[in-house]
Structures are given as C-alpha cells and as structure tokens.
Amino acid sequence: MCAAFATSVIAAGPTGTAADYGSNAPHAAAQRSIELQPDTRHINVTRGETVTIARAGQRFTWHVQTFSNKTVFALSDIAPKEMAVGGIAVYVAANPLYAGS
C-alpha cells in the first residue's frame with residue numbers, strides 16, 4: 001500500500017497553488033535567512049533548501065520543493081498576503097546533492 005501511495009504522489013502534477021513551490025516550515029528549520037530590501041527584485045534559493053524570508057518585521061519560513069522544470073516563480077505566490085513582496089522573483093537552482101554524475 002505504501003508503494004502505491006508513493007507512486008500516486010510522485011505522479012501528481014502541478015496544482016496551481018503555493019504547494020507547487022514547497023511548503024511552510026517552522027522558523028527553527030531554516031538553513032539561512034534572506035532579508036528583503038526595498039530594491040530587492042529577485043532572490044536565489046536551492047531546491048530542497050529551507051529559508052526564512054523577512055521584510056520590515058514580517059517573516060515566513062519556506063521549504064523550497066519545486067518540480068524539476070520550475071526554476072522561477074513569483075515570491076508573492078508563497079508569501080503571506082499581508083507581506084509586500086510584489087515584483088520579486090524567486091530563482092530556484094537544482095540541488096547538487098541530486099545531480100547525476
């Protein structure tokens with residue numbers, strides 16, 4: 001039964017929601033913090049990384065887990081609605097731990 005469930009999860013495609021880019025995580029799980037400045041237009045993360053993103057006293061922590069063909073998305077797709085992050089792109093690098101040799 002577990003194998004059947006795992007197969008169905010892997011076969012699942014994009015949902016059009018924030019889940020396509022990963023999931024919320026506890027702040028303590030963050031590997032690093034990114035402080036957004038007024039002139040920030042993009043941030044760089046790695047697939048599988050957990051980051052805290054902060055701006056003007058607000059913050060959230062996200063575990064980045066995108067589909068392998070998704071290398072850029074809008075930060076506003078995952079940020080809390082009350083956090084002003086419009087116009088900021090998230091660039092996702094492949095995780096070198098999973099690169100083929």
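Thr50 counts as buried in this predicted model, its relative accessibility being 8%, a value that falls under the 20% limit and therefore places the residue in the buried class. The residue belongs to strand E4, which spans residues 50–55. Its side chain is joined to that of His63 by a polar contact of 2.8 Å.

The aromatic residues were examined next. A pair of aromatic rings is described by the distance of the centres and the angle of the planes. By this rule the count comes to 1 aromatic pair. Tyr21 is located in the loop between helix H1 (2–11) and strand E1 (22–24), whereas Phe73 is part of strand E6, so the pair ties together parts that are 52 residues apart in sequence. Both partners are buried, Tyr21 with a relative accessible area of 10% and Phe73 with a relative accessible area of 4%.

Tyr21 is also touched by Lys70, which, residues up to four places away in sequence not being counted, touches Arg47 and Val92 as well. Lys70 lies in the loop that runs between strand E5 (58–64) and strand E6 (72–74). With a relative accessible area of 32%, Lys70 is partly exposed, because this value lies between the limits of 20% and 50%. The C-alpha atom of Lys70 is separated by 9.5 Å from that of Ala93, a residue 23 positions away along the chain.

With regard to the protein as a whole, the secondary structure comes to 1 helix and 7 strands, which follow one another along the sequence in the pattern α-β-β-β-β-β-β-β. Of the 101 residues, 33% are buried. Among the contacts with a separation of 6 or more, 48% are accounted for by residues 24 or more positions apart. The accessible surface amounts to about 6400 Å², and 59% of this area belongs to carbon and sulfur atoms.

Definitions and conventions. Residues numbered from 1 in each chain as written. Predicted model: local features only at pLDDT ≥ 70, side-chain atom pairs only at ≥ 80, totals over all residues. Heavy atoms only, no water. Helix = DSSP H or I, 4+ residues; strand = E, 2+ residues; numbered from the N terminus. Buried < 20%, exposed > 50% of the residue type's maximum accessible area, 1.4 Å probe, protein only. Contact = heavy atoms within 4.5 Å. Phe/Tyr/Trp six-rings, centres within 6.5 Å; stacked < 30°, edge-to-face > 60°. Areas by Shrake-Rupley, 256 points an atom, 1.4 Å probe, with all protein chains shown as cover. Polar contact = N/O pair within 3.5 Å; in protein donor to acceptor, adjacent residues only side chain to side chain.
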